[in-house]
Amino acid sequence: MTGNTSRLSLAEIEALAVAAHAGQTDKAGRPYAEHLRAVAEGVRARGGSEEQIAAGWLHDAVEDAALPEEWLAGAALPDEVKAMVRALTKRPGEELEAYTRRILATPGALLVKEADLAHNADPERLAVLDPATRERLTAKYARVRGLLGLGPAPTGK
């Protein structure tokens, strides 16, 4: 995302994503920005491109209604970032298989989803949830990993 001054920088994307999710919390009651930061850093740690890191910051923005699809369509972002964000946006009533097929068909999106799943399935995050929710989410994340061909979640940090 370098070389084009009309594009949003990673710092601008981070600030925009944090502001868009202001006041939102995750299932454990933590500020949602912590999840976004963890996903973006997870993408970076996995060798992701600047475009993938940008998608990591924005991966839940449309799904969580923090930013409308119309904003994404007109945003000063590379088409690759927009495509990844759209691929990572689960639609209401959408079958998990259709969602994961779209991720697999979109260049760059799998790495972002892998970082998202890694943070979502972090045992420390899951530990604060009630047992039924923890079990439901653990099974869901394992199923998504399987559909994406990622295999079992890595253990430890």
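Predicted model: local features only at pLDDT ≥ 70, side-chain atom pairs only at ≥ 80, totals over all residues.
Let me begin with helix α3, which is largely enclosed by the rest of the structure, because 8 of its 9 residues are buried, where buried means under 20% relative accessible area, exposed means over 50% and partly exposed lies in between, computed with a 1.4 Å probe on protein chains only. Helices here are DSSP runs of H or I with at least four residues, strands are runs of E with at least two, and both are numbered from the N terminus.

Residues are numbered from 1 along each chain as its sequence is written, and side-chain values use heavy atoms, with hydrogens and water left out.

Back to α3: its buried residues are Glu51, Gln52, Ile53, Ala54, Ala55, Gly56, Trp57 and Leu58, and they pack against α1, α2, α4, α5 and α7, with contact meaning heavy atoms within 4.5 Å.

Now to the way helices pack on α7. Helices α5 and α7 pack at an angle of about 50 degrees, with their axes 9 Å apart; axes are lines fitted to C-alpha atoms, for helices over the stretch in contact, and angles run from 0 to 180 degrees between N-to-C directions. The two helices α5 and α7 are therefore oblique to each other, given that angles under 35 degrees count as roughly parallel, over 145 as roughly antiparallel, 65 to 115 as roughly perpendicular and the rest as oblique. In this pair, Met84, Ala87 and Leu88 of α5 meet Ala109, Val112 and Lys113 of α7. The residues of that contact divide into 5 nonpolar, no polar and 1 charged, where Ala, Val, Leu, Ile, Met, Phe, Trp, Tyr, Cys and Pro count as nonpolar, Asp, Glu, Lys and Arg as charged, and the others, Gly among them, as polar.

What is the angle between α2 and α7? Helices α2 and α7 pack at about 130 degrees, with their axes 8 Å apart, and are therefore oblique to each other. The α2 side of the contact is made by Glu34, His35, Ala38, Val39, Gly42 and Val43, and the α7 side by Leu111, Val112, Ala115, Asp116, His119 and Asn120. These residues divide into 6 nonpolar, 4 polar and 2 charged.

Finally, consider some single residues. Asp60 lies in the loop between α3 (50-58) and α4 (69-74), and Asp60 is buried, with a relative accessible area of 6%. Not counting residues up to four places away in sequence, Asp60 touches His21, Tyr32 and His35.

Thr89, in the loop between α5 and α6, is buried too, at a relative accessible area of 9%. Leaving aside neighbours within four places in sequence, its contacts are His59, Val62, Glu63, Glu94, Tyr99 and Arg102.
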